[in-house]
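Subject: Structure handover and notes

Dear colleague,

I am passing on the structure below, together with my notes on what came out of going through it. Please read the notes with the coordinates open beside you.

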Amino acid sequence: MKTSTMTSTRVLTFSLIVSLLTFCHGDLQQEDEFLYDTFPEGFRWGFATAAYQIEGAWNIDGKGESIWDRFTHRLVSPIIDGSNGDIACDSYHKYPRDVELLKSMGVQFYRFSISWSRVLPRGTNDLVNEVGISYYNNLINLLISNNIIPMVTMYHWDLPQNLQSQFGGWPNETLIEHFENYARLLYERFGDRVKHWMTFNVRILGEATEPYKCAHTILKSHAKAYRLYEREFKEWQNGEVGIVIDSEFMQPDNPDDPTHVEAAERALRFKHGWFAFPVFFGDYPSVMRELVDARSEAEGRNASRLPTLDEEWQTMLRGSFDFLGVNHYTTELVRPAAAQGLPGWSGDQQVSKRKDPSWEGSASAWLKKVPWGFRKYLNWLKNTYDNPVMYITENGWSDDGRDPTNDTSRSLFYRDYINNVLKAVKLDGVNIKGYTAWSLMDNFEWANGFTDRFGVHWVDFTDPERQVIPKDSSVVLKKIFEDNGFVEE
Ligand code: NOJ
């Protein structure tokens, strides 16, 4: 009796908040009416995770150390709560639980990443860890036997430490060959069952010349892995290979000011175009070339901080995608600014960014809710890259984990963001084939440890068993998946 009263009060509060927020949105101008409609038949729903954030078992069964193991084990912890991914959700031991959760959510696919150092402990192909290979075989087989399609990210930030120590990591182009070998191993061992590959989950932060060099090596590695599949595997494996790029939408701070419009476009090209232009068109955006070259010269350098792609690489890169993976969370307001700060990516763009203080905030300082920005962003992708096949590979909201179940703001986030994806698909003709939410369960949120929780399932990180509890949003999201959109009640 008590539970049912509690439940109905909760449902009532929930619907009140829903209507209140729907009403408030009217004031935003940018947000038009809620769309009751469904996604095209065959649209796929699922969740995304990444190895270091969920697996744990960092040094078990022959796994080699990764740069995130090394980083989180520093004497003075660089992680906000002093935590690390040593155990995380313990998915290495508890993957059947993950598959159960996926099943309970009624998904069609699951995006997860492979830990490079679990299968190649040194990062190089002279030593293959068969126990690590078995782990992924077991996961993949269990997914398939439950009718869940695996979608695999090859690199989600956990570089084998040996490649860092021996070669200095991504600034060194030696890594291209090692990544290609790693990709070959994955196609060979898993490609009979995995038909959707993502080479990189891309988001680089940092300054000076290093990020440009890292991006350069990553782009070349991506191209090599894509061409390898095309040449040696595609014909008999029949899969697809893409890349995932993470970006905010950039909205002109004052849309009536052409210099703001131009600045926002510039910021999008520096963020998304930096990786996507080479993959789609063969070279970096010309605005990056011009601005970085000019600034490098003014700094008295004899070469631009932005490296050059020669013709051979341009040809290899151009068109090296079967789909584009889209990670999206939030929007920035952009206006022009003088180049400032240290020589580097953020100053090179000559923009300044801010968030509207009225935007609702999550547990993560950077993540504000701007649902209309998602639709605009998807339209920008469509127009800029000639409407490629896209998957939304990440989208989600964080809470502080104090209340294990009540996460109304996440439910409303998903409802409003996915409604904008629906508008993009149905009203604007954007070519989106599926959506994986970030994330299935709370996990290790990089430098923010376990303080920012993105799961639709709450995880008890103090419990050796890592008990999980469904949050309210899991019910809302499950219904959206089930209805393949929004059905007016
Ligand atoms: C993007 C990253 O790919 C993922 O690893 C991270 O947890 C989410 N954003 C949330 O910050």
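Ser439 is found in the loop that links strand S11 to strand S12 (457-459), where helices (H or I, at least four residues) and strands (E, at least two) are DSSP runs numbered from the N terminus. The peptide bond leading from Trp438 into Ser439 is cis, with omega near 15 degrees. The model is a predicted one, in which local features need pLDDT of at least 70 and side-chain atom pairs count only at pLDDT 80 or more, while totals for chains, interfaces and linings use all residues. Residues are numbered from 1 along each chain as its sequence is written, and side-chain values use heavy atoms, with hydrogens and water left out.

Trp446 lies in the loop between S11 and S12, and Trp446 has a positive phi of about 45 degrees although it is not a glycine. Trp446 counts as buried because its relative accessibility is 8%; buried means under 20% relative accessible area, exposed over 50%, and partly exposed in between, with a 1.4 Å probe and protein chains only. A second residue that is not a glycine but has a positive phi, of about 60 degrees, is Asn238, placed in the loop between helix H9 (210-237) and strand S5 (240-246). Asn238 counts as exposed, because its relative accessibility is 62%. As background, most residues other than glycine have a negative phi, and most peptide bonds are trans.

Turning to the sheets, a closed barrel of eight strands runs in the order S1-S2-S3-S4-S5-S7-S10-S11 with parallel pairing, where two strands pair if DSSP finds at least two bridges between them. The twist from one strand to the next averages 25 degrees; axes are lines fitted to C-alpha atoms, for helices over the stretch in contact, and angles run from 0 to 180 degrees between N-to-C directions. Strand S1 (residues 44-48) is joined in the parallel sense to strand S2 (residues 109-113) by three bridges, and Gly46 has Phe109 as its bridge partner in S2. Strand S7 (residues 323-327) pairs with S10 in parallel over four bridges, with Leu324 opposite Met390 of S10. S10 in turn runs parallel to strand S11 (residues 432-437), to which three bridges join it, and here Tyr391 stands opposite Gly434. Between S10 and S11 the chain passes through helix H15 (residues 408-426), and this β-α-β crossover is right-handed, a term used if, with the strands pointing away from the viewer, the path from the first strand over the helix to the second runs clockwise. Strand S10 (residues 390-394) is mostly covered, since five of its five residues are buried.

H15 lies across S1, S10 and S11 and runs at about 170 degrees to S11, whereas H9 lies across strand S4 (196-202) and S5, at about 175 degrees to S4; contact means heavy atoms within 4.5 Å.

There is also an open sheet of three strands, in the order S6-S8-S9, whose pairing is mixed. Its edge strands, each pairing on one side only, are S6 (249-252) and S9 (351-354). Strand S8 (residues 331-336) runs parallel to S6, with four bridges joining them, and Met250 has Glu332 of S8 as its bridge partner. Helix H10 (residues 258-281) lies across S6, S8 and S9, at about 120 degrees to S8.

His328 is found in the loop between S7 and S8, and His328 counts as buried because its relative accessibility is 0%. Its side chain reaches the backbone oxygen of Ser247 at 3.0 Å, which falls under polar contacts, defined as pairs of N or O atoms within 3.5 Å; within protein, one must be able to donate a hydrogen and the other to accept it, and residues adjacent in sequence count only if both atoms are side-chain atoms. Leaving aside neighbours within four places in sequence, the residues in contact with His328 include Phe249, Tyr377, Glu394 and Tyr417.

Which residues are the closest to the ligand? Of the 13 residues that surround the ligand, the closest are Gln53, His156, Asn201, Glu394 and Glu445, where a residue is near a molecule if one of its heavy atoms lies within 4 Å of it. A polar side-chain atom of Gln53 lies 2.8 Å from an oxygen atom of the ligand, and for His156 the distance from a polar side-chain atom to an oxygen atom of the ligand is 2.9 Å. A polar side-chain atom of Asn201 likewise lies 2.9 Å from an oxygen atom of the ligand.

Best regards
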